Amino acid sequence: RKIRYVRQKNKGPASARNLGIKLAKGHYIAFLDADDLFLPEKLEIQYEKMVNNPDILLSHTSYYQIERNGELIKEMNSGLFLGSVYPEIILGCPIATPTVMVRKDVLDQISFEESIKVGEDIILWSQIAKKSSIIGIDIALTKVRIHGKNAAFDRPSQIQATMNRMEYLIKRDTDLPTIKKIKFTSSIYAILAQLFWVEKNYLNFSYYIIKALALYPVNYSIYKQITIKIIPRIIKDIAFRLRGKRQ
């Protein structure tokens, strides 16, 4: 009697979650996709934290990454991400959706953006973090299954999600100071450049690196990225080609 099964036409994860939230009768919302697992004490520990911190709108925990067959990959200490994390959360959000618990009343005010198919969860967590600090619990209380369908590990999905962050969390945020918008947009361009570099799409890599530096030339994180990751890779590629020619 505590479980209701609801079915709707496939409109994407954001629409499904919004419907579930709308129909929910409790004061707290947690998310569990079909291939992930809660540990038995997960909801109890998180619920107590939320009750004891009535001004906090969102909590999340650390988690285990597991193989398709359930074998442990590694523990992710994402629960160390806590406190006043806005606006830095825009550039880096380690929160895994199955670890989240949110007060339902805040989700009655803002919801998942249904026009977005990837990264809609990070956008919502960032919008909530703008309203209050967040609770991080550094105890792995969820098992997140890693496989080929995970958007977080699919490069095209990562690229689209990064672009969505720029559109919804930077361009559309009227409260974000102009200098922050410039810095963050430059950093987003740098993230896109790195993703295209990994894809060996050097044309788009060059395009976004140039845009990042043109927008904010003193973005030292870009120079660090070029020095640590890109220049060694270029040297390695040149050395490999020279060895091939000698042979």
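In this predicted model, Arg-172 lies over the face of Tyr-168, at 4.2 Å from the ring centre.

Contacts between rings come next. Across the whole structure, a search finds nine aromatic pairs. One of them joins Phe-31 and Phe-112, whose ring centres are 5.7 Å apart; the planes meet at 85°, so this pair is edge-to-face, given that angles over 60 degrees fall in that class. Phe-31 belongs to the loop between β1 (28–30) and β2 (37–38), while Phe-112 belongs to the loop between α3 (104–107) and α4 (120–131), so the pair ties together parts that are 81 residues apart in sequence.

Phe-31 has 6% relative accessibility and counts as buried, because the cut-off for buried is under 20%. For Phe-112 the relative accessible area is 2%, so this residue is buried as well.

Phe-112 also pairs with Trp-125: the ring centres are 5.7 Å apart and the planes are at 75°, so this pair too is edge-to-face. Here the link runs from Phe-112, in the loop between α3 and α4, to Trp-125 in helix α4, and the two residues are 13 apart. Trp-125 is buried, as is Phe-112. Phe-112 therefore has a ring contact with Phe-31 and another with Trp-125.

Elsewhere in the chain, one aromatic cluster is formed by Tyr-189, Phe-196, Tyr-207 and Tyr-208.

Key: Residues are numbered from 1 along each chain as its sequence is written. This is a predicted model: local features need pLDDT of at least 70, side-chain atom pairs count only at pLDDT 80 or more; totals for chains, interfaces and linings use all residues. Side-chain values use heavy atoms; hydrogens and water are left out. Rings of Phe, Tyr and Trp (its six-membered ring) pair if their centres lie within 6.5 Å; planes under 30 degrees apart count as stacked, over 60 as edge-to-face and the rest as tilted. Helices (H or I, at least four residues) and strands (E, at least two) are DSSP runs, numbered from the N terminus. Buried means under 20% relative accessible area, exposed over 50%, partly exposed in between (1.4 Å probe, protein chains only). A charge sits over a ring if NZ of Lys or CZ of Arg is within 6 Å of the ring centre and within 35 degrees of the ring normal.
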